Amino acid sequence: MTQTAVSGDAKSPPSIQSPSRTPSKPRSTIGNGLRRIAFELRGYFRQTDQVFFVFLFPLVMFALFASIFSGETVVDDPRFADVTMSQYYLTGMLAMAILLSGMQFLGIDIATEKHEGGLARLGATPLSPVSFFIGKIGLVLITCTLQLAMLMGLAVLAFDISLPEDGELWARFAWLAALGILCFASLGIAISALPRSARSASAIVLPLVLVPQFLSGIYVQFSVLPEWMQQVSNLFPLAGLVRGMRSVFLPDAFAAAEVGGTWGLGAAAITLGVWTVIGLVASLLTFRWSRGRS
């Protein structure tokens, strides 16, 4: 009888393998940042005190000042007889909305999150600082756009202020607003490194945003300020942003009432751009998920 040699692996049962799972593709830095925007928006509108003192505050201030000085002209000059204080305050409050939503809100919010441990928990996740920045700046972009639209709507409906009809002026408004939002959002992230505790955040950030408002023509006509004060203010971004807003919503002839007799849009763009770079670089260099940890 012939004996058939059987190899050991010829009769071995096939191995049973579990279904292979394709590993999920890592999310990109930009993708994480865009997803973060939705989370930031939900948290923003759940805090009623924050909504009032940041989101609605410029509208309240505009309504207050426009009502008090309703019908009054800006200067006693026949060339500007049709420029009311309501129009003038609209330009200032538009710039103020960008300042508060960017610099004040982010400066206090991020500092509070850091010292209360919220950022430390985020630092334990794969979220990168760049994605975090995208989420915060995206939040400011959306909320500030809503603020600007509501301010202009209030101006038209309640105070009969005419908005520009020239498309070039709206294009100017768009780049001024976008550059202003980016500038003050980056500065807000940068100054969030200054407070040493959550309680001190407001005390440190508020003076940094309050003093420039009085030096930049938001509450007082810029041209009546002392010359040295005008020169100092022009070194900082808010004065350029306010001046740019006046160039959009006030008649061209009003440029004669400005320092130097022109709108100075080129200088305003350069100042905003320089401070944007300063804010972004400072944010990247000083940002920490928690004290003593990068």
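Analyst: D160 sits in the loop between α5 and α6 (167-191). The model is predicted. Most residues other than glycine have a negative phi. D160 has a positive phi of about 55°, although it is not a glycine. D160 counts as exposed, because its relative accessibility is 68% and exposed means over 50%.

Helix α5 covers residues 129-159. Q147 is found in helix α5. Is Q147 buried or exposed? Q147 is buried, with a relative accessible area of 0%. Its contacts, not counting residues up to four places away in sequence, are V54, F55, P58, L59, A97 and S101. V54, F55, P58 and L59 are among the residues of α2 that make the contact with α5. A97 and S101 are among the residues of α3 that meet α2. That list points to the next topic, the packing of the helices.

Two packed helices are described by the angle between their axes and the distance between the axes. Take α2 with α5. Helix α2 covers residues 48-68. The two helices pack at an angle of about 25°, and their axes are 10 Å apart. Angles under 35 degrees count as roughly parallel, so α2 and α5 are roughly parallel to each other. The crossing of α2 past α5 is right-handed. On the α2 side, the contact is made by V54, F55, L56, P58, L59, F62, A63, A66 and S67. On the α5 side, T143, L146, Q147, M150, L151, L154, A155 and F159 take part. What classes of residue make up this contact? There are 14 nonpolar residues, three polar and no charged.

Next comes α2 with α3. Here the axes come within 9 Å and cross at roughly 165°. Angles over 145 degrees count as roughly antiparallel, so α2 is roughly antiparallel to α3. This crossing is right-handed. From α2 come Q50, F53, V54, F57, P58, M61, F62, F65 and A66. They meet S86, Y89, L90, M93, M96, A97, L100, S101, Q104, F105 and D109 in α3. By class, the contact of α2 with α3 has 15 nonpolar, four polar and one charged residues.

Helix α2 also meets α1. Helix α1 covers residues 29-46. The axes of α1 and α2 come within 5 Å and cross at roughly 90°. That makes α1 roughly perpendicular to α2, because angles of 65 to 115 degrees fall in that class. G43, Y44, F45 and R46 of α1 are in contact with T48, Q50, V51, V54 and F55 of α2. This contact of α1 with α2 has five nonpolar, three polar and one charged residues.

S28 is partly exposed, with a relative accessible area of 42%. Its C-alpha atom is separated by 9.8 Å from that of L127. S28 and L127 are 99 residues apart along the chain.

Now for the rings. The count comes to 22 aromatic pairs. One of them joins F69 and Y89. Their ring centres are 5.7 Å apart and their planes are at 35°, so the pair is tilted. F69 lies in the loop between α2 and α3 (85-115), while Y89 is in helix α3, so the pair ties together parts that are 20 residues apart in sequence. F69 is partly exposed, at 25% relative accessible area. Y89 counts as buried, at 3%. F69 and Y89 also belong to one aromatic cluster with F65, Y88, F214, Y219 and F254.

One more loop is worth a look. E258 is found between α9 (237-249) and α10 (265-286). E258 counts as buried, because its relative accessibility is 8% and buried means under 20%. Not counting residues up to four places away in sequence, E258 touches R243, R246 and W263.

Last, the whole chain. The protein has 10 helices and zero strands. Of its 294 residues, 46% count as buried. Take the contacts with a separation of 6 or more: residues 24 or more positions apart account for 79% of them.

Notes:
Residues are numbered from 1 along each chain as its sequence is written. This is a predicted model: local features need pLDDT of at least 70, side-chain atom pairs count only at pLDDT 80 or more; totals for chains, interfaces and linings use all residues. Side-chain values use heavy atoms; hydrogens and water are left out. Axes are lines fitted to C-alpha atoms, for helices over the stretch in contact, and angles run from 0 to 180 degrees between N-to-C directions. Helices (H or I, at least four residues) and strands (E, at least two) are DSSP runs, numbered from the N terminus. A crossing is left-handed if the near helix is turned anticlockwise from the far one by less than a right angle, and right-handed if clockwise. Contact means heavy atoms within 4.5 Å. Ala, Val, Leu, Ile, Met, Phe, Trp, Tyr, Cys and Pro count as nonpolar, Asp, Glu, Lys and Arg as charged, and the others, Gly among them, as polar. Rings of Phe, Tyr and Trp (its six-membered ring) pair if their centres lie within 6.5 Å; planes under 30 degrees apart count as stacked, over 60 as edge-to-face and the rest as tilted. Buried means under 20% relative accessible area, exposed over 50%, partly exposed in between (1.4 Å probe, protein chains only).
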